[in-house]
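Hi,

Here is the structure I promised to pass on to you. Have a look at it first, and then read on for what turned up.

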Amino acid sequence: MASILEESGFDPSAELKIVGTNPVKHDGLDKVMGRAKFGADAFLPGMLVGKILRSPHAHANIKSIDTSKAEALPGVKSVITAADFPEKKAGTPAGDMTRNVMAREKALYDGHPVAAVAATSEKIAKQALKLIEVDYEVLPHVIDPVEAMQPDAPILHDYLRTKGVEGAEDKQTNVTEKMVTQLGDIDAGFEEADIIVERSYDSKPMHQGYIEPQGCIADYSEDGQIEVWCCTQAPFVYRDRLSAILDIDCNKINVQQSELGGGFGGKTGFYGEPLAIMLSKKASRSVKIVLSRIEVFRGTGPVSGTSYTIKMGCKKDGTITAASAEMIFQSGPYAGSMYFNAPNAMFTRYDLKNVDITAYEVLSNRQKVASFRAPCVPQIVFGVEGVIDEMARKIEMDPIDFRLKNACEDGHTTIYGDTWGPIGFIETLKKAKECDHYKTPVKPGEGRGISTGFWFNRGGETAASLNLAPDGTVTIATGTADVAGSRISISMMAAEELGIPVDQVRVKMVDTNSLGFNRVTAGSRTTFSVGMVIVDSARKCIAELRKRAAEIWDVPEDGVIFEDGMCRPASANVGDFEPLSIADICKKTTMSHGAISGHTEMNVTGAGPGFAVNIVDVKVDENTGRTDVTRYTVVQDVGKAIHPDQVVGQIQGGAIQGVGWALNEEYIYGEDGRLQNAGFLDYRMPVASDVPMVDTIMVEVPNPAHPFGLRGVGEVPVVPTMAAVGNAIGDAIGIRPTSLPMSPPKVLDIIEQAKAEGVYKG
Amino acid sequence: MDDVRYEAPELPDAASSLLAEAGGSGKVFAGGTDVMVQIHAELIDPGVIVDIKNIPGTQGISESDGAYTFGAATAGMVLMDHEGFSSTWPGVIDGVALIGSIQVKGRASVGGNVCNASPAADSTPAMIAAGAICNITGPSGERTAPVEDIVTGPGKTSLADGEFIVSFSMPKRPPHSGDAYLRLTPRTEMDIAVVGAGVNLTLDDDGTCTAARVSLGAVAPTPLLVAEATDALIGTKVDDAALTKMGEACSAACNPISDKRGTKEYRIKTAAVIARRAAEIALERAREN
């Protein structure tokens, strides 16, 4: 059914009773008590344990695989290789997907699956893996993206040709695409500049750091029905992609999402699910596959590493006249880095007239990259905001004033063509300038950094049902995964619209058979999009409630109004009737007229862009190069915080992930191309004592396209982080680092360089 | 992983026999915080696990005339919570306190930390600096050995098949003594030392250093007792010149590798820094008592 949300009905003067409060999350206690069921928590009668054999080589031809000894081991019920999957042409989306979950002609990274077994116990499954004989022909590998672009680099796919380059049709390459994004006249822009700054930067791949490893169970019945339980941000996308690589109709694959122990973009694509399905089909038993932490690191995707140069020019008054960039994004063995986000977002928030950006996506022998919070943008903003900081210093302008001078206003038309409505970037910068942190002088021996970030925020295909029970309470079925607490926010919006207490609403994430297509939870879209759909569904219920009240009272429908959860006579002229609650109407009419439900599916549009400013203080150890973050403040435009505590959590989480990316996190490969730090001991994510309490200041410039004015809040928080930490370190030691992570050995080298150049500040 | 036999004998001889019979496939089990992790990571595949915690002397702390003895399997948190021991050996406690999380330290022991034989173990340099002695039992009876003689390489010890450490004896503490352990890690906790340094020193009434021991971790295949660094301190007031000389001696003693946790150059450079800072803390503690 189409939407009745002709207009959002946003009313800035509305008195909200529930939106903006902080009720306890309905799914919170189960998580605290260990009752919540995650990917690994499904158990079926007779289920088998699935285990995956992975390539120990970064690049190798698979000459043959002999599974006969594994199959002969008692307790082994099925063994699969790529030969068990339908043929899909290499270089197509389905061809890449099926090859990433199970290597076909070649193993393309350390950890690439080559076979899988299902057995009656974990012990037998592990023994069986050791009995599988794979004959590899090891090939030279390439991991560094700059090296992968060289003419003599090992080639991953002999069929690959670079898109977007003339004359590339007959050249083998690892470059999937060259993308050029331009605005105005770049040469004229640099001509106008009084000051030009150009710097080169690089970053390493970043793991999303979700605590729950991927886990799934698949049950393939004899009549071809498939049930999949898994932890995912994208149940419908999983279903559709499983259908595409397995040649099975969508209606025969039912994906039920579990609770999610963190995703941050890392659970937008499947790994074990198709293997569990094929193992289950062959064994006629259900099969569970839960990845170990080592497998999560070796076998699933982080976000791209990068190598890039940023050049910008400004006038003495601070006006930026030109901005250019050349960037390389490291993908894994297949395309899919979402690098196109970078040209669209890296400078966006500043009103630039002349822009010239070239971006390349390059394949390499490492895990296929995946999404991560604002994919491919924070690692580039690290450089952009570094150059901006340097320009502000050169003209001796306050860093926030410099950004204010160039900030976009309402109605700005972006480089990607959208024209914005009301935005809060300027308000956010002004709040940052006024806040206690910025007004407090930097402590002696410390440094302070400022940075800003933008994220698009998305809408997209969303379907949900809102059902009124006979007692007037509400259940909501949604198909968009809750990755960060969206269920309570959805409950609150429904309760606000229906005028009932939030405890009378419960939200369930349902399986893919129960609703129409829901887009992946990504792009900071979920609370915004499901909120739109649910308010629409609630309004449909209200229309029906009014209709039934009119029937009970035997008055015309327009004689009934709905307010504060009650149907009331519109005026004294209608008659003297006691107001009817939702429960009254449901009790009286469910038997005669059926239940009242609202159902909506929409391709939601109107997401409002988000902006954040970070202020970071650091202390750098002169003799070890180790950085302590001593104070951190985030100012962010959230449109309207439905559940403010949750928004604060989102913002703090983003800042902390950025601190890890800034200071220590990196994938370390040996000469042999094998990942050396596959685990949280040596992949150094921050622990609680590594970060100060992150102070948050929420700015609320409403997005009028949404009934309550909200904007997405999930991704903006990580965008400015590494740049802010980098600028702070630069302020503390005299030279701004250009390579991520800014780990102690690298920073110690920069300190020594700063001392040698006489610019060290301690 | 094959089936693992678990034994928890009450007599030291029984434990020694089990371990001796198993040869290389026997594993001593105290807190299990290394053994269990290594089994799950498929780094080891022991045939028999011998839990020594039921054996008399392997747990608990005792004091006699100012000299402490503690069981090799005593959990880290027990040591940390023991007022007498922790005020007498604050440097050993510095090392123990840096091992894993509170939950891990609820089981992890100094004996396990020493015998796991990681060059980066946090309590080992502190114990070496303290001059702790291991009380070892085995098929050929009991013997003692200083802690610095135990680790012979990454994952390797000088203990013979069937031998295990029952307890540690700490020397009696003269007045004006202090010890400290510091490590360098990129994170504040839950990390592995890039460099670790334990310093133990004793001053006379004038503040002149009469005894000192300096030990480094994570800068060589084994934890080191650095004689030249010790020499740099003894007979001095532990002033800037002495500390600089000690730091230089520490850097000179380093023989590290470059790995995922730090480069060779970085480790050599920072060993001096960390040892000096540890010495400054030890000095302050020595002056306080």
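**A pair in chain B, and the sheet around it**

In this predicted model, Thr137(B) sits opposite Phe164(B), which belongs to β10(B). The strands to look at here are β6 (residues 133–138) and β10 (residues 164–169) of chain B, which are joined by five bridges and run antiparallel.

Zooming out, which strands make up the open sheet of chain B? There are five, in the order β4-β5-β10-β6-β7, with antiparallel pairing. From one strand to the next, the twist averages 25°.

**Domains in chain A**

Over in chain A, the division is as follows:

- domain 1 of chain A covers 28–36 + 459–604
- domain 2 of chain A covers 42–140 + 208–299
- domain 3 of chain A covers 421–455 + 608–757

I looked at how domain 1 and domain 3 of chain A meet. Taken over C-alpha atoms, their centres are 39 Å apart. Domain 1 of chain A brings 13 residues to the contact, and domain 3 of chain A brings 14 residues.

What does the side of domain 1 of chain A that touches domain 3 of chain A consist of? Two or more residues each come from α15 (486–498) and α16 (526–553) of chain A. The largest share, five residues, is given by α16(A).

Enjoy exploring it!

Best wishes

Methods
Residues are numbered from 1 along each chain as its sequence is written. Chains are lettered from A and ligands numbered from 1 in the order in which they are written. This is a predicted model: local features need pLDDT of at least 70, side-chain atom pairs count only at pLDDT 80 or more; totals for chains, interfaces and linings use all residues. Domain bounds come from an automatic or database domain assignment. Two residues are in contact if their C-beta atoms, placed from the backbone, lie within 7 Å. Helices (H or I, at least four residues) and strands (E, at least two) are DSSP runs, numbered from the N terminus. Two strands pair if DSSP finds at least two bridges between them. Axes are lines fitted to C-alpha atoms, for helices over the stretch in contact, and angles run from 0 to 180 degrees between N-to-C directions.
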